[in-house]
Amino acid sequence: MGHPRQKVGEVLLEVSGVSLSFGGVKALHQVSFQARERELCAIIGPNGAGKSSLLNIVNGVYQPSAGTISFAGVQRKSMSPREAALGGIARTFQNIALFKGMSVLDNIMTGRDAKMHSSLLAQALYWGPAQREEMEHRCHVEKLIDFLQIEHVRKTPVGRLPYGLQKRVELARALAAEPRLLLLDEPMAGMNVEEKQDMCRFILDVNDEFGTTILLIEHDMAVVMDLADRVVVLDYGRKIADGTPEEVRRNPEVIAAYLGVPTEADREAVAEGAG
Amino acid sequence: MQFFLEVLIGGLLSGVMYSLVALGFVLIFKASGVFNFAQGAMVLFAALTFVSLEERGLPRWGALLASLAIMLGLALVIERVVLRPLVNQPAISLLMATIGLTFCLEGLAQGVWGSVVKGLDLGIPDVPFDVKGVLVSQFDLFAAAIAGFLVAVLALFFQYTRVGRALRAVADDHQAALSLGIPLQTVWAVVWAAAGAVALVAGLLWGSRLGVQFALSVITLKALPVLILGGFTSIAGAIVGGLLVGASEKLAEVYLGPVLGGGIENWFPYVLALLFLLVRPEGLFGEKHIDRV
Ligand SMILES: Nc1ncnc2c1ncn2[C@@H]1O[C@H](COP(=O)(O)OP(=O)(O)O)[C@@H](O)[C@H]1O
Ligand SMILES: [Mg+2]
């Protein structure tokens with residue numbers, strides 16, 4: 001909708017046959033999907049469907065019990081979050097995971113860490129080069145701060161910011177690494193309408209201007225239909241649909257997952273609607 | 001009044017020595033959520049290493065640098081052998097590991113350097129001098145200055161360097177820090193190295209006061225009330241907590257001693273800490289812990 005399909009490029013992320021269980025709970029069962037370069041792909045599904053678990057697998061927080069992930073042409077069974085970060089995968093968390101005691105600027109600078117070349121230890125020992133590198137990265141971070149319009153709180157400890165702004169700072173921190181793939185876990189949850197609109201605009205801008213591929217978990221269907229190029233639907237750990245927002249909206253299984261088990265009448269109504 | 005001041009100042013200055021031990025705990029607890037049971041053993045190990053190297057003919061500065069190098073090396077070994085295999089294990093496992101480490105270090109220290117009590121003379125005269133009629137111990141002043149310097153350096157390091165920033169990040173939110181690509185191992189190694197250096201300083205100061213002996217590893221216990229008062233996660237808290245414990249135990253000894261019987265300073269800090277726990281369990285400077293349900 002409004003975003004021409006041809007903007008997308010090669011496959012950047014391919015998840016194949018991924019399963020994950022916690023004790024007896026099967027959080028994910030044989031899930032496969034692809035995200036192409038510059039694509040804005042939404043993952044939707046009821047609570048507990050396994051959406052967050054899927055993101056956690058993509059950036060190495062969880063290790064899948066079966067299946068593989070290939071990112072930028074490299075296939076692996078699992079990787080560490082650090083490898084994911086260095087490889088260009090950044091993320092935000094469902095529950096804001098900012099460094100509460102640190103200023104907005106320091107939080108975002110920390111997000112830049114994956115881009116810094118000299119090792120931490122070298123940095124501790126060599127003041128001169130370390131400071132020069134720090135300044136270069138600082139410039140980039142200041143641009144991001146402008147981009148996300150949070151200049152006025154640069155020095156504020158994030159713990160003191162209102163919720164909506166914290167979410168924005170978390171986005172900034174993720175962007176600081178100039179990721180190729182950005183994972184956003186419910187970036188608009190708990191926001192008021194105005195904050196949501198701002199966040200939507202920022203996500204679209206990131207996608208357009210930086211060409212970042214985005215996996216977005218979101219509950220608000222209106223938002224998803226508006227933003228996403230493609231939608232993947234999970235239910236009880238299984239993928240039940242995958243396609244354009246239009247296709248997914250008409251999919252009977254999706255409707256069932258969202259509205260409960262469909263009756264025969266529902267099915268007929270859907271069939272009529274689709275036909 | 002003059003006597004009161006003397007006791008108070010003496011107490012505050014000796015409190016700084018408690019702060020020094022507590023500081024080692026705070027560094028590690030902040031960065032990894034691990035209560036490092038082995039901090040006292042590290043203090044003993046550091047002091048024993050220094051004295052023994054000096055005994056074997058190394059000049060003072062040589063012995064100091066060598067001990068520092070050994071403590072840093074020890075930190076790297078601990079990170080590699082003890083911590084790395086335990087990443088993502090519950091905190092209790094890590095605590096157990098540090099208890100095991102305590103025995104290893106104590107055994108190692110005494111195995112290598114022997115278990116005879118050794119004197120340690122830093123060459124600082126311990127004659128009190130007179131400030132407007134109040135007698136102040138020169139050694140205590142010296143120790144306080146060293147501790148103050150150490151704290152200032154650490155604070156600047158954590159506030160203004162990239163390693164410091166990474167460390168605060170790890171301390172604040174493990175998972176988020178990992179997902180940003182911050183190398184947890186490096187951060188832990190740096191923290192243990194810093195704690196090792198702090199242990200060396202504490203070991204030298206305490207060693208020159210009490211002699212270098214097994215009991216050094218027990219002064220760790222005095223750090224507990226300090227931590228409870230100051231909070232486990234605050235460097236400033238370790239300092240203030242140490243001062244509070246030092247001053248209050250001396251004052252209690254002098255003023256309550258005649259009533260309750262002597263030896264109050266041995267238990268007073270613990271009672272103080274207990275009372276404090278009832279009122280403000282997170283400590284003066286600790287973060288209030290609110291669990292969301
Ligand atoms: N760390 C965990 N430990 C145990 N169970 C978990 C854990 N994380 C998720 N789960 C379970 O896995 C399932 C999927 O959870 P999640 O991925 O968070 O769903 P969603 O994000 O779609 O709401 C749920 O049943 C949840 O209880
Ligand atoms: Mg979730």
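Visitor: Which helices of chain B each supply at least two residues of the nonpolar patch?
Guide: The patch includes Val218(B), Leu256(B) and Trp267(B), and its area is about 1,100 Å². Patch members have over 30% relative accessible area and no salt bridge, with nonpolar side chains (Val, Leu, Ile, Met, Phe, Trp, Tyr) joined within 5 Å and like charges within 9 Å; areas come from the Shrake-Rupley method with a 1.4 Å probe, and for residues only the protein chains shown count as cover. Helices are DSSP runs (H or I, at least four residues; strands are E, at least two), numbered from the N terminus. The suppliers are helix H9 (220–230), helix H11 (257–260) and helix H12 (264–279).

Visitor: Which element gives the largest share of the nonpolar patch?
Guide: A quick word on ground rules: this is a predicted model, where local features need pLDDT of at least 70, side-chain atom pairs count only at pLDDT 80 or more, and totals for chains, interfaces and linings use all residues, while side-chain values use heavy atoms, with hydrogens and water left out. Residues are numbered from 1 along each chain as its sequence is written, and chains are lettered from A and ligands numbered from 1 in the order in which they are written. Back to the patch: the largest share is 6 residues, and they come from H12(B).

Visitor: How many salt bridges are there between chain A and chain B?
Guide: The chains meet through 29 residues of A and 22 of B (contact is heavy atoms within 4.5 Å). A salt bridge puts a side-chain nitrogen of Lys or Arg within 4 Å of a carboxyl oxygen of Asp or Glu, and Asp113(A) with Arg162(B) is a pair of that kind, at 3.1 Å. Between chain A and chain B, the count is 3.

Visitor: Which elements give two or more residues to the side of chain A that touches chain B?
Guide: Asp113(A), for one, pairs with Arg162(B) across the two chains. As for whole elements on chain A's side, they are helix H2 (81–87), helix H3 (104–111), helix H4 (120–125) and helix H5 (127–147).

Visitor: Is Arg165(B) buried or exposed?
Guide: Arg165(B) forms a salt bridge with Glu134(A), the closest N and O atoms being 2.8 Å apart. That pair runs from helix H6 (residues 162–172) of chain B to helix H5 of chain A. Under 20% relative accessible area is buried, over 50% exposed, and in between partly exposed (1.4 Å probe, protein chains only). Arg165(B) has 4%, so it is buried.

Visitor: What separates Arg138(A) and Glu142(A) in helix H5 of chain A?
Guide: Their side chains meet in a salt bridge at 3.2 Å, N to O. An α-helix has 3.6 residues a turn, so residues three or four places apart point the same way. Because they sit 4 residues apart in the helix, Arg138(A) and Glu142(A) are separated by about one helical turn.

Visitor: How far apart are the closest N and O atoms of Asp198(A) and Arg201(A)?
Guide: Both lie in helix H7 (residues 193–210) of chain A, 3 residues apart. Asp198(A) is partly exposed at 22%, and Arg201(A) is partly exposed at 36%. Their salt bridge brings the closest N and O atoms to 3.2 Å.

Visitor: Which residue just after H1(A) takes a positive phi?
Guide: Helix H1 covers residues 51–58 of chain A, and 7 of its 8 residues are buried, including Leu54(A) and Ile57(A). Just after it, a positive phi of about 85° belongs to Gly60(A).
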